[in-house]
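Subject: Structure for your files

Hello,

My notes on it follow below.

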Amino acid sequence: MTDIFETLESQVRSYCRGWPATFDRADGSALFTEDGQQYLDFFSGAGALNYGHNPQQLLEPLLDYLRSGSITHSMDMHSPAKRKFLETFQDVILKPRDLDYKIMFPGPTGTNTVEAALKLARKVTGRQHVLSFTNAFHGMTLGALTVTGNSMKRQGAGVPLTNSSKIPYDDYLDGEPSNLSWLERVLEDSGSGVDKPAAVIVETVQGEGGLNSARASWLKSLSEVCKRHDILLIVDDVQAGCGRTGKFFSFEDAGIVPDIVCLSKSISGYGLPMALTLFRRDLDIWTPGEHNGTFRGSNPAFVTATAALENFWADREKFEQQIAARAAELHDGLEKVAALAEGASVRGRGLLAGVVFQDLEAAEKIASEAFDRGLLVETSGPESEVLKLMPALTISPEDLARGLDILLDAAKTVVGERELAAV
Ligand SMILES: *Cc1c(COP(=O)(O)O)cnc(C)c1O
């Protein structure tokens with residue numbers, strides 16, 4: 001029953017290769033194939049399903065909206081659904097956090113908000129160069145690929161990727177604390193040969209790049225260096241945002257305020273395509289239409305995004321506590337997995353966490369064993385050497401424990417096999 005995918009669909013497809021099933025229905029953290037097999041989802045659409053599949057609190061307003069005869073598509077024209085989203089985002093997210101951002105709707109994908117952020121930073125500063133980090137991932141269109149690290153993905157561009165340099169992410173030099181004084185030095189030294197950049201773009205946790213997680217103090221230093229040198233700080237919160245690392249924005253714990261913020265994946269809350277670019281009010285120097293797109297006004301996405309904010313974020317403390325409790329359970333479970341293998345350790349923050357193995361093949365083998373046992377987990381990192389877990393923020397403690405048991409069992413099989421092979 002998978003013939004048509006193999007004969008007609010391009011071989012560019014990737015996730016379906018590790019998970020050769022045909023998924024049909026879904027509910028919360030449960031996924032069902034068309035022949036009725038059940039899987040537990042610790043992948044969550046790479047972070048597009050932070051509130052689980054088909055969350056009831058979002059489904060009802062969505063169905064009501066679709067039945068009401070209200071508009072679906074509206075470019076960037078005004079609509080009541082967009083008004084309600086903007087009001088809710090202001091009241092539930094921006095105001096309580098003292099953030100004075102303007103909101104831009106780029107095209108509905110993560111790479112599109114990154115493109116908008118890079119364009120705006122270049123336009124505001126009149127500079128071309130952008131600094132990004134080793135193992136960064138910011139999307140697959142040309143501008144976003146330019147600031148992405150992965151060589152396989154970069155090669156896909158087919159043209160030179162220019163106007164960006166990679167600099168070492170926190171902890172890149174193996175535990176060597178990096179206080180960014182070297183960055184300050186090359187920016188000050190007119191003989192350093194480093195062009196003054198328009199912006200620095202950073203993920204607080206590198207979702208695709210191996211779950212490297214920056215320390216709050218490092219993010220603070222980065223923010224201070226940028227401020228001192230009049231360089232814009234862009235936080236790409238496409239994956240780590242929307243509660244994934246514990247707070248709505250992943251940079252809240254570091255106490256920094258980026259100049260530009262990119263959001264997408266879980267902003268609609270329902271897996272509907274939607275993206276936002278947030279920026280300091282004084283940076284809003286766009287000419288009307290200078291960055292536009294046909295799908296910037298998807299009203300069903302505005303409706304579910306509004307419902308997600310109302311249902312999960314209006315009582316911010318309660319939801320943050322719930323995420324913290326699940327995150328502690330997840331990290332406990334991951335410590336047990338890491339303890340099985342020599343040199344393995346836990347990485348990540350909040351519900352964006354995993355285990356890195358010395359054996360570069362271990363993570364993929366464990367993910368495959370987990371799939372055979374009914375659990376979806378993916379891998380991350382340049383060699384897919386990191387097992388990556390992203391359960392729904394709303395997962396029940398029971399489902400989380402069940403998934404971690406499966407994972408431990410799968411890991412024992414793989415690590416045990418290795419030990420036998422070594423004898
Ligand atoms: C997924 C992701 C993107 C790209 O989003 P798309 O919707 O796939 O274009 C950009 N940045 C980060 C950090 C991501 O995780």
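The model is predicted: local features need pLDDT of at least 70, side-chain atom pairs count only at pLDDT 80 or more, and totals for chains, interfaces and linings use all residues. Residues are numbered from 1 along each chain as its sequence is written, and side-chain values use heavy atoms, with hydrogens and water left out.

Helices (H or I, at least four residues) and strands (E, at least two) are DSSP runs, numbered from the N terminus. Two strands pair if DSSP finds at least two bridges between them. On that basis β5 (residues 130-133) pairs with β7 (residues 199-202) in the parallel sense, over two bridges. Four bridges join β5 to β6 (residues 164-167), and these two strands also run parallel.

**Salt bridges**

The structure holds 23 salt bridges, each a side-chain nitrogen of Lys or Arg within 4 Å of a carboxyl oxygen of Asp or Glu. One of them joins Glu252 to Arg97, with the closest N and O atoms 3.0 Å apart. This pair links distant parts of the chain, 155 residues apart: Glu252 is in the loop between β8 (232-236) and β9 (260-263), and Arg97 is in the loop between α5 (80-94) and β4 (101-104). Both Glu252 and Arg97 are buried. They belong to a network of salt bridges that also links Arg316 and Glu320.

Asp230 and Arg127 meet in another salt bridge, at 3.4 Å from N to O. They too link distant parts of the chain, 103 residues apart, with Asp230 in the loop between α10 (216-228) and β8 and Arg127 in the loop between α6 and β5. Asp230 counts as exposed because its relative accessibility is 53%, whereas Arg127, at 17%, counts as buried.

Arg402 and Asp399 form a salt bridge, also at 3.4 Å from N to O. The two are three residues apart in helix α14 (residues 397-422), so about one helical turn separates them. Arg402 is partly exposed at 39% relative accessible area, and Asp399 is partly exposed at 22%.

**Pocket and cavity**

On a 1 Å grid over the protein atoms alone, a cavity is a set of points where a 1.4 Å probe fits but cannot get out, and a pocket is an open set with protein on both sides within 12 Å along at least five of seven lines; lining residues have an atom within 4 Å of a point. Grid points are joined across faces, edges and corners, and a volume is the space filled by probe spheres set on the points.

The largest pocket has a volume of about 1400 Å³. It is lined by 47 residues, of which Ser14, Tyr15, Lys153, Glu208 and Glu378 are the closest to its centre. Among the elements that give two or more residues to this lining are α6 (110-125), α8 (151-155) and α13 (362-372).

A search of the whole structure finds one cavity of 30 Å³ or more. Of the 13 residues that line the largest cavity, Met274, Ala275, Phe295, Arg296 and Ser298 are the closest to its centre.

Regards

Notes:
Buried means under 20% relative accessible area, exposed over 50%, partly exposed in between (1.4 Å probe, protein chains only).
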